[in-house]
Amino acid sequence: MGLIEDLSAAFVAFVIEVDDAVEARRPAGKGPWLTSVAMWRNCLQWVPAGGDGITVAELTATARTPTDLHGMRRWGYVEVEGWARSASGRPPLKAVVRPTGRGALVAAIWNEVPAEAEERWGERFVATASTGEGAHGVDPGSGAESASGGSAVAGLRAALVDLAAALDAGLPDTMPIVRHGWATRREDEPERRPGPVPIAELGLDSLLARPLAAFALEYEATGKLSLALSANLLAVLSPEPTPLRQLPDATGIQREQIDNAAGYLERANLAELVPIPGAKQGKALALTERGEKAKAASARKLARLEATWGERHGAVLERVREALAALDVSFPDPPGTWRAEGKELACLPRFPLVTHRGGFPDGA
């Protein structure tokens with residue numbers, strides 16, 4: 001696996017574990033529970049619990065990436081004064097965002113869970129290194145200790161802090177919500193300014209997100225294909241038709257997003273939807289000749305950019321690679337969470353896919 005795929009696997013695994021932990025602590029009551037790391041980092045984290053609130057413009061500038069205020073208001077986490085309930089489109093920049101009671105409650109949970117999850121990772125990989133067992137083979141609270149295992153997550157954090165210090169100080173602390181074509185770049189991005197949280201104090205999810213966002217923005221600065229689309233979907237397709245129902249397991253991306261991306265690729269003449277060979281129903285996706293060329297060009301571009309990063313960041317990047325190699329990022333979904341009730345996909349995404357639907361890193 002390449003550096004970006006390793007970073008992505010660690011980010012997606014950690015974020016899903018955090019999302020699961022927050023869900024497991026949700027209060028009783030009806031209504032959707034759709035908060036995620038993304039919606040914490042790009043919205044609720046910056047909305048003050050009382051007083052004057054925060055304007056939409058200031059929220060976007062502070063988070064350094066737009067949020068989904070439509071969803072956050074609809075799900076009952078924020079109120080937006082100065083933006084009519086029936087209004088569509090973007091909210092006014094001067095509209096004031098305040099948390100609801102539900103929003104304040106979930107914010108209190110979010111204030112604690114990411115750091116707790118990082119501590120669990122430190123304990124878990126101590127146990128893994130100490131006993132030689134997989135991540136699920138040891139009780140994280142067993143107290144097993146090992147110098148090599150203890151350094152795994154701490155070493156990753158230290159390397160990521162040094163890497164983040166070499167990147168744009170205005171990068172967001174989470175993966176941005178993708179737009180059309182799973183693109184990371186956005187025309188409505190705020191002017192970049194340093195984040196209010198010192199780099200050394202960022203959560204592990206943010207330290208993993210920053211190089212991924214930086215890499216995607218650089219990748220997408222040229223060409224029309226996004227990194228998420230190229231790495232996740234284009235990379236697993238071929239001229240031989242692949243049934244759509246098989247693509248979630250092949251990519252780690254949820255089915256609804258696969259269907260959306262299939263339409264995008266077809267309109268771009270990069271792939272075509274065809275009947276599944278030998279089947280009475282169902283569709284398959286096959287690369288066109290243009291799609292084959294785009295796939296090859298995307299792979300070359302990704303390899304060149306990883307090599308450029310290697311030259312640019314040198315020893316720091318090697319430390320990141322070594323620390324990532326020491327982690328086994330597989331994990332179970334705890335009982336009672338919505339993921340535990342659904343079908344477990346066969347792999348993690350090769351690049352995070354955060355959408356407006358809820359901000360989960362696999363397009364869910």
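1. A quick word on terms before we start: a helix axis here is a line fitted to C-alpha atoms over the stretch in contact, and angles run from 0 to 180 degrees between N-to-C directions. Please also keep in mind that this is a predicted model.

2. Let's begin with helix H1 (residues 3–24) and helix H5 (residues 101–110), whose axes come within 10 Å and cross at roughly 130 degrees. Angles over 145 degrees would count as roughly antiparallel and those from 65 to 115 as roughly perpendicular, so H1 and H5 are oblique to each other. The crossing of H1 past H5 is right-handed.

3. Which residues of H1 and H5 meet? On the H1 side they are Val-18, Asp-19 and Val-22, and on the H5 side Val-106, Ile-109 and Trp-110. The residues in this contact of H1 with H5 comprise five nonpolar and one charged, with no polar ones.

4. H1 also packs against helix H8 (residues 204–219), at an angle of about 140 degrees and with the axes 9 Å apart. H1 and H8 are therefore oblique to each other as well. Their crossing is left-handed.

5. Sorted by type, the residues of the contact of H1 with H8 are twelve nonpolar, one polar and one charged.

Notes:
Residues numbered from 1 in each chain as written. Predicted model: local features only at pLDDT ≥ 70, side-chain atom pairs only at ≥ 80, totals over all residues. Heavy atoms only, no water. Helix = DSSP H or I, 4+ residues; strand = E, 2+ residues; numbered from the N terminus. Parallel < 35°, antiparallel > 145°, perpendicular 65-115°, else oblique. Left-handed = near helix turned anticlockwise from the far one by under 90°. Contact = heavy atoms within 4.5 Å. Nonpolar A, V, L, I, M, F, W, Y, C, P; charged D, E, K, R; others polar.
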